[in-house]
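Hi everyone, thanks for making time for this. Let me put the structure up, and then I'll walk you through a few features.

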Amino acid sequence: MTRRTARPNDKALDAFIAAKAEIDIMLERLKALSDDHFETHPDEINWGNVGTLKHYAGLLRQITDSAFKEGEHAD
């Protein structure tokens with residue numbers, strides 16, 4: 001029987017995969033909510049809905065700017 005020797009980064013790899021899975025789930029949920037027009041009906045849209053979506057977009061922009069080194073994270 002061979003014994004598997006743990007590599008130094010095994011725990012980091014496991015944590016990375018878990019974090020990626022968490023992100024994938026959040027992205028799937030956001031995509032589904034977006035596909036459903038954020039649970040709004042065109043006749044019910046108001047400026048509060050606009051503000052909420054702009055807030056969401058700003059938060060997502062922080063993430064994408066960081067991930068893609070854009071905006072304030074640009075070189």
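The largest pocket holds about 210 Å³ of space. This is a predicted model, where local features need pLDDT of at least 70, side-chain atom pairs count only at pLDDT 80 or more, and totals for chains, interfaces and linings use all residues. Residues are numbered from 1 along each chain as its sequence is written, and side-chain values use heavy atoms, with hydrogens and water left out.

A pocket here is an open set of points on a 1 Å grid over the protein atoms alone, where a 1.4 Å probe fits, with protein on both sides within 12 Å along at least five of seven lines; lining residues have an atom within 4 Å of a point. The volume is the space filled by probe spheres set on the points, joined across faces, edges and corners.

So who lines the largest pocket? I23, M26, L27, L30, L60, I63, T64, A67 and F68 do. Helix 1 and helix 2 (47–68) each give at least two of the lining residues, and helix 2 brings the largest share, five. Helices are DSSP runs of H or I, at least four residues, numbered from the N terminus.

Now helix 1, residues 10–35, which includes D10. Its 26 residues reach 37 Å from first C-alpha to last, close to the 38 Å expected at 1.5 Å a residue (1.5 Å times one less than the number of residues). After helix 1 comes H37, with a positive phi near 55°.
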